[in-house]
Amino acid sequence: MHWRSHISGLAFSFVFIVSYFTNKFVLSVLKFTYPTLFQGWQTFVGAVLLLLSGKLGWVEMNRIPRSAALTWLPGSFLFVGNIYAGSRALSRIDIPFFFTLQNSSHVVSYSIARAFLREKTQWLKIASIFLLLLSAVNLPLHDPQFDHNSYLWALCHLFCVGAYRVFQVHKSTNLSDIEQQCINYLLSVLLLGLAAHPTGDITGALEFPSLQSRTFHCGCCASALLGFFLLLATARLKRAPSLEHFRVWVFLSKVNVTKCQIKLAAALKKKGRLFGTVSSQVTAMLLSPLVFNMDFNSASLLCVIVSHIGEALLLYSDRESPP
């Protein structure tokens, strides 16, 4: 059983990493910045595959009562805000910086829990929350590619993520994670489909230069399938005896994505000295789409590191806290 949990964790980490890089490729390299269509497509494919998998018995999903679905609607609205704002932010913010801002969603969760649920907090958790907030507040000041609008969308994203986390933990429903996600998908398809025309995304997409590109088609198909596989990997990993096991794998996946992009970016900055041979130049060319022209300095890199330290402390404090 122990080795199976590790295999599930590795599978989750692999899909998590590839999924983020694929989404970033479509958003930043191909510049398909029409989130109502991009996220609408992903959630549509996810909903169809999830319903089909439920019919075929591949996933355990019961008939969802109308009352339970209505009770879960606030969480679904937060989910829609999460993916829409996240797509807007990720299109212009590098993945390590995006994770740094996303980690500060724990500050939102902590604030809501303290204000409305009166939860007691250990000093170690307070210290971790402080580090997450400190890194997120200082990052815009040192990001060489700072974009005001992107950071505003990131702020909306982290608020929705933090509020959704609290809602999911404290809302008493009989819905499984798969059933909750099914409602999220269906509402996302509806709302994003209705918003596609008023936001101008349909008009912009029709004029998109790479609309007929095979690379674009493959990227969109891969992003949708990876999103569905990530849902299945997440559901399987959450079957572990403790939720901390899942959170540790999420943390490790974020660290691996961050480390991968920063190392590739640093290597390509020095490609004149490091890639002297033809084979190395080909390797650099193949890896370059994954770097997304990332520009960072020591101060912004320190913010990323402090954020990961804060998240690690948060995991440790939750593990040590009494039940």
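In which hand does α5 cross α7? The crossing of α7 by α5 is right-handed. The model is predicted. Its protein chain comes to 14 helices and zero strands. Of the 323 residues, 48% count as buried.

**Overall fold**

- Read from the N terminus, the elements of the protein chain run α-α-α-α-α-α-α-α-α-α-α-α-α-α.

**Packing of α5 and α7**

- Helix α5 spans residues 105–116, and helix α7 spans residues 148–170.
- The two helices pack at an angle of about 45 degrees.
- Their axes lie 7 Å apart.
- That angle makes α5 oblique to α7.
- α5 passes α7 in a right-handed crossing.

**The salt bridge**

- The structure holds one salt bridge.
- R92 and D147 form this bridge, with their closest N and O atoms 3.4 Å apart.
- R92 sits in the loop between α3 (66–90) and α4 (95–103), while D147 sits in the loop between α6 and α7, so the pair ties together parts that are 55 residues apart in sequence.
- D147 is buried, because its relative accessible area is 17% and the cut-off for buried is under 20%.

- I129 belongs to helix α6, which covers residues 123–142.
- At a relative accessible area of 7%, I129 is buried.

**Nonpolar surface patch**

- W41, F44 and V48 make a nonpolar surface patch of about 280 Å².
- One of these residues, W41, lies in helix α2, which runs over residues 35–56.
- W41 is partly exposed, with a relative accessible area of 35%.

**Backbone at K31**

- Most residues other than glycine have a negative phi.
- K31 is not a glycine, yet has a positive phi of about 60 degrees.
- This residue lies in the loop between α1 (2–29) and α2.
- Is K31 buried or exposed? K31 is exposed, with a relative accessible area of 56%.

Methods: Residues numbered from 1 in each chain as written. Predicted model: local features only at pLDDT ≥ 70, side-chain atom pairs only at ≥ 80, totals over all residues. Heavy atoms only, no water. Patch = residues over 30% accessible without salt bridge, like charges linked within 9 Å, V, L, I, M, F, W, Y side chains within 5 Å. Areas by Shrake-Rupley, 256 points an atom, 1.4 Å probe, with all protein chains shown as cover. Salt bridge = Lys/Arg side-chain N within 4 Å of Asp/Glu carboxyl O. Helix = DSSP H or I, 4+ residues; strand = E, 2+ residues; numbered from the N terminus. Buried < 20%, exposed > 50% of the residue type's maximum accessible area, 1.4 Å probe, protein only. Axes fitted to C-alpha atoms, helices over the stretch in contact; angles between N-to-C directions. Parallel < 35°, antiparallel > 145°, perpendicular 65-115°, else oblique. Left-handed = near helix turned anticlockwise from the far one by under 90°.
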